[in-house]
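Morning, everyone. Please have the sequence and the model open, and I will walk you through a few places in the fold.

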Amino acid sequence: MQLDKNQIKSLNDQALPDHRESFEYLSQRLIHQNLEVEKLIQKIQDFQVAIPSWALGTGGTRFGRFPGGGEPRSLEEKITDVGMLHALNAGSGAISLHIPWDIPGNVEKIKALATANGLLFDAVNSNTFQDQPEQELSYKFGSLCHTDAGVRKQAVNHNLEVIRYGEMLGSKSLTVWLADGSSFPGQMNFRKALQRTLDSLKEIYAGMPEDWKLFVEYKPFEPNFYHTVIQDWGTSHLLASQLGERAFTLVDLGHHLPNTNIEQIVATLMMQGKLGGFHFNDSKFGDDDLTVGAMKPYQLFLIFNELVAGMEDKQSTNPSPAWMIDASHNLKDPMEDLLQSIEAIQLAYAQALLVDRDALESAREDNDPVFAQEILQAAFRTDLRPLIAEARFQAGAAIQPISVYRKLEVRKQLVLERGSKSQATGL
Ligand SMILES: [Mn+2]
């Protein structure tokens, strides 16, 4: 199904008087702070976040899965779903595919469908964390780090195949996340496993087209619990540095131990020009895959404060990072969850744009932690929801995306079209 632009418009008309009032009040406040409202709106509109194909179906835990029905059954339906999100929020103009879950059948048709939905193809993701039905050798004891050269070769070849699919669709980057590691002390030789991983990644890097980037994702635990081969940003950075200038670290917010200072990691990587990609989600404990901003919106703001500082630094050699949501849920309608996540990202980004950087630097030079906090929290406590809504409205999307999604009964239509038992491929 596709959303009717006229229906969005008529629901916008109903919401408009209220929106106008709050937006005009906020605009005045921002103008008083010497901020250019139109420029802020432009930046919010330019900030596009990719939706991963696997977030459109119900996620699960190892104990169970509670699907809500109407899930996309094919790559085409996944693209259509992201297209609907983008029509509602004008902020999710890209889709990130996962191979082998999303192997395109007719490439030209898939590309045309994406274009019709206003979508680009973001980074492609490989999968060596599970065995596929026709696969010859098993990844039970690792993939790129495996003791058996045959398994490593198979995993390298899979990544090269993912690159070929990505090339066909117009992607420009490959994200590698590995489940490789060990669950018991003594099980694996740390040094050999890391060396073999580096050697395998070198083969993948060599197989990338000249204009592609390789993103190396890290994670401290799970599914292995004693050690993971690429456990942290430092290990990822070590690998990316040895691979070459088109290899970068990818930060996933859920891939840290509790209380890790993620904003400092962001600052350090951007200082080195090595932050390539970013996966948004939120968590209480680890890789919880909760809605972005659901648990720690202030931390998200502090991270964006460093991202914006890095992006605005004219000396920085860091490329513009690839932004993606990486979450998958058991409780919420995945589409509503993604709408909430995009809004949380846009809010944190816009709040970070509000920070008076000159004043903050002065406070830092003066060793004035009180004033530094005042500056940051003045930005964080500004309610920018009307600004985000205006950015959407001006882009032809919905003033209130979730309300429109519910009023148009999108999920009900999807269940009618696809059935109550449909299951998104890959989950
Ligand atoms: Mn991730």
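Start with helix H4, residues 107-116. H4 is hardly covered: of its 10 residues, the count of buried ones is one. A quick word on terms. Buried means that 20 or more other C-beta atoms lie within 10 Å of a residue's own, exposed means 12 or fewer, and partly exposed is in between, with C-beta atoms placed from the backbone. Helices (H or I, at least four residues) and strands (E, at least two) are DSSP runs, numbered from the N terminus. After H4 comes Gly118, with a positive phi near 75°.

Before we go on, a caution. This is a predicted model, so local features need pLDDT of at least 70, side-chain atom pairs count only at pLDDT 80 or more, and totals for chains, interfaces and linings use all residues. Residues are numbered from 1 along each chain as its sequence is written.

Now the strands. Look at S10, residues 275-280. How many of its six residues are buried? Six of the six, and S10 is mostly covered. S10 pairs with strand S9, residues 247-252, in the parallel sense over four bridges. Two strands pair if DSSP finds at least two bridges between them. For a landmark, find Thr249, which stands opposite Leu275 in S10. How does the chain get from S9 to S10? Through helix H8, residues 262-271, in a right-handed β-α-β crossover. Right-handed here means that, with the strands pointing away from the viewer, the path from the first strand over the helix to the second runs clockwise.

Next, strand S11, residues 322-325. S10 and S11 run parallel and are joined by four bridges. Gly277 has Ala322 in S11 as its bridge partner. There is a right-handed β-α-β unit here too, made of S10, helix H9 (residues 297-312) and S11. Now follow the side chains of S11. Ala322 and Met324 point one way, Trp323 and Ile325 point the other way, and all are buried. In a regular strand, side chains alternate between the two faces of the sheet.

Stay between S10 and H9 for a moment. The loop there holds Gly293. Why does Gly293 count as buried? Because Gly293 has 22 C-beta neighbours inside 10 Å. Gly293 touches Asp282, Leu300, Ala344 and Ala348, leaving out residues up to four places away in sequence. Contact means C-beta atoms, placed from the backbone, within 7 Å. Take Ala344: 51 residues from Gly293 in sequence, but 5.5 Å in space, C-alpha to C-alpha.

Asp289 is found in the loop between S10 and H9 as well. Its phi is positive, near 60°, and Asp289 is not a glycine. Asp289 is partly exposed, because 19 other C-beta atoms lie within 10 Å. Another case is Asn367, with a positive phi of about 50°. Asn367 lies in the loop between helix H11 (357-365) and helix H12 (369-380). Is Asn367 buried or exposed? Exposed, because Asn367 has 7 C-beta neighbours inside 10 Å. Most residues other than glycine have a negative phi, and most peptide bonds are trans.

One joins Ile99 and Pro100, with omega about 20°. Pro100 is in the loop between strand S2 (94-96) and H4. The bond from Glu222 to Pro223 is cis too, with omega near 5°. Pro223 is in the loop between strand S7 (213-217) and strand S8 (227-228).

Now a helix pair. H5 (residues 149-169) and H6 (residues 190-206) pack at about 35°, with axes 9 Å apart. Axes are lines fitted to C-alpha atoms, for helices over the stretch in contact, and angles run from 0 to 180 degrees between N-to-C directions. H5 supplies Arg152, Ala155, Val156, Asn159 and Leu160 to the contact, and H6 supplies Arg196, Ser200, Glu203 and Ile204.

Last stop: Leu338, in helix H10, residues 334-354. Leu338 counts as buried because it has 28 C-beta neighbours inside 10 Å. Apart from neighbours within four places in sequence, Leu338 is in contact with Ile51, Ala55, Leu85 and Ile325. Thanks, and over to you.

Conventions: Two residues are in contact if their C-beta atoms, placed from the backbone, lie within 7 Å.
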